[in-house]
Amino acid sequence: MKIERVHLDFVELPLTDPFETSVGVSTVKQAWLLTVLADGVHGYAESVADPDPHWNEETHATVYFALKNHLLPRLWGREIEKPEDVAQVLGPIRANFMAKATIEMAVWDWFARAQEVPLWKLLGGDPAKTRIPVGVSIGIQPTTKDLLQAADQFIRLGYRRLKVKIKPGLDVERLTALRQHVGPSVKIMADANSAYRLEDIPNLQTLDDLDLMMLEQPLSHDDLIDHATLARAIKTPVCLDEAIRTPDDARKAIDIGACRIINIKVGRVGGHTMARVIHTMAEERGVPVWCGGMQETGIGRAHNLHMSTMTNFRLPGDTSASDRYFLEDLVDPPFTLNADGSLTVPDGPGIGVTPQPKRLAQYSSFHQELTDQSPVILVPHGMPASF
Ligand code: MG
């Protein structure tokens, strides 16, 4: 196939509740929705970038800039024989993983739709994994009581695992109260989003008695070495999220003992091709992976579910139901939680869902069509070209 046109929509979906982590609070989900068009077939994906460079350095602005000026110009007019070609063509562009994933995942969806097969089949997923067990991520709550109430609510809904966002001062006491409240049978894990330092080891050691499934990304967002030191000092398994951006990161992290679990976010590692490489490398080394979430709309959520059918996704993911975050999802029907705490992998062609046109029109605040004729503007107007 040759990409003929790309549509970019900037969608803004109101969240049901503000979501707080150690890096900030969000009340609305904003994302680039990208549609790739060729031969009368559409492929969809979304970017997982945030408005600010707090979680990592990419933002809505950098994703747009990278796509328009660097990534799409490498793809216009090029014959793409298989979806893996995109990762290879974009390889010489350094980093910009979220921007790369946006176009790469849309091309995967396009190929699966063109072949009229569900995406999981093209990815090589396990046909037996028709339902993916899911957990839920609970942001930092105003009080311990609020945390316990939120936990009760999600357990009642059927979620299989609770992930609790923590930061220094809102950690040991809260997690201890939660463990006592829900009992030993509920799976709990904590995500620190890089809020700790090695000096916090004594504090983090006190979590050892709480039987947490894992402690996610406790130290710096780009660190492997200190995580290996921490992992030797605590019993709770360390999981890495932000620090794993490439297959090389994953290999090094596992080989030096920086983590025993990896959270793979397809949108963080450049797309399905690289996510699959990381998945299989971890599998060969006996390290389980799970699929994290970036509060994606139903489009990104569907991509994550299809990737989660790969065999080494052995722990519940963060791909919660649509109503966990949104008053209304972009896709219709929305994703709903099954009674057994799972989400069903859509079985139609491609990712199996499409944006509902009325909702897309309602929630898109900016629309642009790009073609090989779209001007590349590398330097803002008025700035010398040699800048
Ligand atoms: Mg995380």
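Me: What makes H11 largely enclosed by the rest of the structure?

Reply: This is a predicted model, so everything here is computed from it. In H11, 10 of the 10 residues are buried, so the helix is largely enclosed by the rest of the structure. Among the buried residues are Gly 298, Arg 301, His 303, Asn 304 and Met 307.

Me: Why is His 306 called buried?

Reply: His 306 lies in helix H11. Its relative accessibility is 0%. Buried means under 20%. His 306 therefore counts as buried.

Me: Why is Leu 327 called exposed?

Reply: Leu 327 has a relative accessible area of 65%. Exposed means over 50%. Leu 327 is therefore exposed. This residue sits in the loop between helix H11 (298-307) and strand S12 (342-344).

Me: What does Leu 327 touch, not counting residues up to four places away in sequence?

Reply: Leu 327 touches Pro 14 and Thr 16. Leu 327 and Pro 14 are 313 residues apart in sequence, yet their C-alpha atoms are 6.7 Å apart in space.

Me: Which peptide bond is cis, and where does its proline lie?

Reply: The bond joining Asp 332 and Pro 333 is cis, with omega about 5°. Pro 333 is in the loop between H11 and S12.

Me: How do you know which residues are the protein donors of the magnesium ion?

Reply: Donors are N, O and S atoms within 2.8 Å of the metal. Asp 191 (OD), Glu 216 (OE) and Asp 241 (OD) lie 2.2 to 2.3 Å from the magnesium ion. These are therefore its protein donors. Their spacing in sequence is D-x24-E-x24-D.

Me: What does the pair Asp 191 and Glu 216 tie together?

Reply: Asp 191 lies in strand S7 (residues 187-191) and Glu 216 in strand S8 (residues 215-216), so the pair ties together parts that are 25 residues apart in sequence.

Me: Are Asp 191 and Glu 216 buried or exposed?

Reply: Asp 191 has a relative accessible area of 1%. Glu 216 has a relative accessibility of 0%. The cut-off for buried is under 20%. Both residues are therefore buried.

Me: Why are H9 and H10 called roughly parallel?

Reply: Helix H9 (residues 247-255) packs on helix H10 (residues 272-284) at an angle of about 20°, and their axes are 9 Å apart. Angles under 35 degrees count as roughly parallel. H9 and H10 are therefore roughly parallel to each other. The crossing is right-handed.

Me: Which residues make the contact of H9 with H10?

Reply: H9 brings Pro 247, Ala 250, Arg 251 and Ile 254, while H10 brings Met 274, Val 277, Ile 278, Met 281 and Ala 282. By class, eight are nonpolar, none is polar and one is charged.

Me: What makes H1 oblique to H3?

Reply: The axes of helix H1 (residues 60-75) and helix H3 (residues 97-114) cross at roughly 55° and come within 9 Å. That angle makes H1 oblique to H3. An angle under 35 degrees would be roughly parallel, and roughly perpendicular begins at 65. H1 passes H3 in a right-handed crossing.

Me: Which residues make the contact of H1 with H3?

Reply: From H1 come Val 63, Ala 66, Leu 67, Leu 71, Leu 72 and Leu 75. From H3 come Met 98, Ala 99, Lys 100, Thr 102 and Ile 103. The contact of H1 with H3 has nine nonpolar, one polar and one charged residues.

Me: Why is Ser 194 called buried?

Reply: Its relative accessibility is 16%, and Ser 194 therefore counts as buried. The cut-off is under 20%. Ser 194 is in the loop between S7 and helix H7 (201-205). Its phi is positive, about 70°, although Ser 194 is not a glycine.

Note on methods. Residues numbered from 1 in each chain as written. Predicted model: local features only at pLDDT ≥ 70, side-chain atom pairs only at ≥ 80, totals over all residues. Heavy atoms only, no water. Donors = N, O, S within 2.8 Å, 3.2 Å for Na, K, Ca; no water. Helix = DSSP H or I, 4+ residues; strand = E, 2+ residues; numbered from the N terminus. Buried < 20%, exposed > 50% of the residue type's maximum accessible area, 1.4 Å probe, protein only. Axes fitted to C-alpha atoms, helices over the stretch in contact; angles between N-to-C directions. Parallel < 35°, antiparallel > 145°, perpendicular 65-115°, else oblique. Left-handed = near helix turned anticlockwise from the far one by under 90°. Contact = heavy atoms within 4.5 Å. Nonpolar A, V, L, I, M, F, W, Y, C, P; charged D, E, K, R; others polar.
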